[in-house]
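Have the structure open while you read, and hop between the points as you like.

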Amino acid sequence: MDTSPLVRRFGDLRLTDRPTVGGKGASLGELTFAGAPVPPGYVVTTTAFEAFLDALDPDGEIRAGVEALDAENTEAIARATAPIKERIEAAELPEEVTAAIRGHYRDLDSESDTPGEPAPVAVRSSATSEDAEDASFAGLQDTYLWVRGEDSLVEHVRRCWASLYSVESVSYRRRLGLPEQDLAMAVVVQRMIDPRCAGVMFTRSPLTGDRSVVALEGTWGLGSALVGGDVTPDKYVVGKVTGDICSRTVSTKLRQHRMDPSGCGVLEEDVPEYLRDEPCLSDAEIQELVRIGRQVESHYGTPQDIEWAISRNLVPGQNIFLLQSRPETVWANRAKTPTAAPKARAFDHVLSLLGGTGGGTP
């Protein structure tokens with residue numbers, strides 16, 4: 001077992017570790033424990049973030065200054081946060097933090113599919129309050145895909161930390177009155193696969209709340225095209241008990257996101273004409289995704305919102321991966337009594353809903 005307080009592998013994490021690894025990190029650890037097919041990785045913990053921030057700002061001026069900002073004064077927030085982000089992005093990490101990040105990356109790198117080339121990883125922010133019931137940071141902090149090499153990884157960890165002080169993130173926290181002292185940032189580092197297709201899966205109908213079906217959405221390439229609204233996905237509804245495909249909609253998929261052939265970053269491009277009207281999933285892949293979705297729902301005991309991807313390089317039976325799973329919240333919240341307290345602004349209410357439906361995909 002990895003006992004480092006600075007960096008922890010997925011296999012050593014559970015949902016109870018959320019305070020130190022954030023929502024994404026704890027979820028990936030729990031999925032790994034449940035036996036789900038999760039690409040390997042680790043989390044740079046909030047302890048590493050605190051060590052970095054203490055070295056950068058020993059007197060706590062950053063947190064105190066942010067907490068004093070007026071939630072409605074966007075211009076003042078922009079003026080205050082810009083230099084904070086610049087300081088974080090330019091600062092050196094404590095030596096022990098850098099060593100831990102690099103050492104664990106070498107472990108992933110040793111399993112690279114392309115010998116001699118650094119392993120590609122996704123670097124994803126995982127705030128400690130993320131996907132919480134009354135505060136969701138989904139989409140407010142940064143995610144970077146196809147990061148290669150130790151130096152680039154360290155740089156992108158800093159960028160994730162800096163994104164905690166974006167105008168959008170700070171404005172949201174100030175409107176909710178969240179204390180800065182209780183907020184920290186973990187960073188997920190996860191081996192990337194090169195997906196032939198990717199998407200989301202709901203183990204409860206997002207339209208009707210029906211728990212007897214699984215709803216799937218998918219598209220060619222990376223799931224970021226779907227999440228970003230750049231493509232109309234294929235859609236399937238499958239009966240949980242019978243496995244029958246109750247509904248099948250194959251859309252014209254015009255755009256896709258894929259790995260840059262240079263080996264770093266993501267390209268947005270047109271889907272080849274011969275693939276545009278082809279289904280991105282076979283019936284066998286649909287059935288396997290539904291089987292895995294039911295397994296994950298059974299483990300958690302509640303309907304799930306799951307991100308998945310199918311590798312273009314691996315053989316059937318070994319090519320389906322889960323990238324994230326979180327409890328479905330839209331219908332779950334409707335079933336609660338009394339209903340949730342209204343948010344101060346419509347923007348915050350929308351973010352609360354988005355926190356439970358379809359985050360970013362590496």
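Predicted model: local features only at pLDDT ≥ 70, side-chain atom pairs only at ≥ 80, totals over all residues.

1. Six strands form an open sheet in the order 9-8-7-6-12-13, and their pairing is antiparallel. At the edges sit strand 9 (245-249) and strand 13 (320-327), each of which pairs on one side only. Going from one strand to the next, the twist averages 15°. In case you need the background, strands of a sheet pair through backbone hydrogen bonds, either parallel or antiparallel.

2. For a closer look at one pairing, pick strand 7 (residues 213-220) and strand 8 (residues 234-239). They run antiparallel and are joined over six bridges. A handy spot to check by eye is Leu216, whose bridge partner in strand 8 is Tyr236.

3. Which helix lies across the strands of this sheet? That's helix 9 (residues 283-300), which lies across strand 6 (195-202), strand 7, strand 8, strand 9, strand 12 (304-311) and strand 13. Relative to strand 13, helix 9 runs at about 40°.

4. Next, helix 4 (residues 74-90) and helix 6 (residues 150-163). Their axes come within 8 Å and cross at roughly 160°. Angles over 145 degrees count as roughly antiparallel, and helix 4 and helix 6 are therefore roughly antiparallel to each other. The crossing of helix 4 past helix 6 is right-handed. On the helix 4 side, the contact is made by Lys85, Ile88 and Glu89, and on the helix 6 side by Arg158, Arg159, Trp161 and Ala162. Sorted by type, these contact residues come out as three nonpolar, no polar and four charged.

5. Is helix 7 (residues 167-176) largely enclosed or largely open? Seven of its 10 residues are buried, so helix 7 is largely enclosed by the rest of the structure. The buried ones are Ser169, Val170, Ser171, Tyr172, Arg173, Arg174 and Arg175.

6. Last, a backbone detail to click on. Most residues other than glycine have a negative phi. Trp146 is not a glycine, yet its phi is positive, at about 55°. You'll find Trp146 in strand 4 (residues 143-147). Is Trp146 buried or exposed? Buried, because its relative accessibility is 2%, and the cut-off for buried is under 20%.

Notes:
Residues numbered from 1 in each chain as written. Heavy atoms only, no water. Pairing = 2+ DSSP bridges. Helix = DSSP H or I, 4+ residues; strand = E, 2+ residues; numbered from the N terminus. Axes fitted to C-alpha atoms, helices over the stretch in contact; angles between N-to-C directions. Contact = heavy atoms within 4.5 Å. Buried < 20%, exposed > 50% of the residue type's maximum accessible area, 1.4 Å probe, protein only. Parallel < 35°, antiparallel > 145°, perpendicular 65-115°, else oblique. Left-handed = near helix turned anticlockwise from the far one by under 90°. Nonpolar A, V, L, I, M, F, W, Y, C, P; charged D, E, K, R; others polar.
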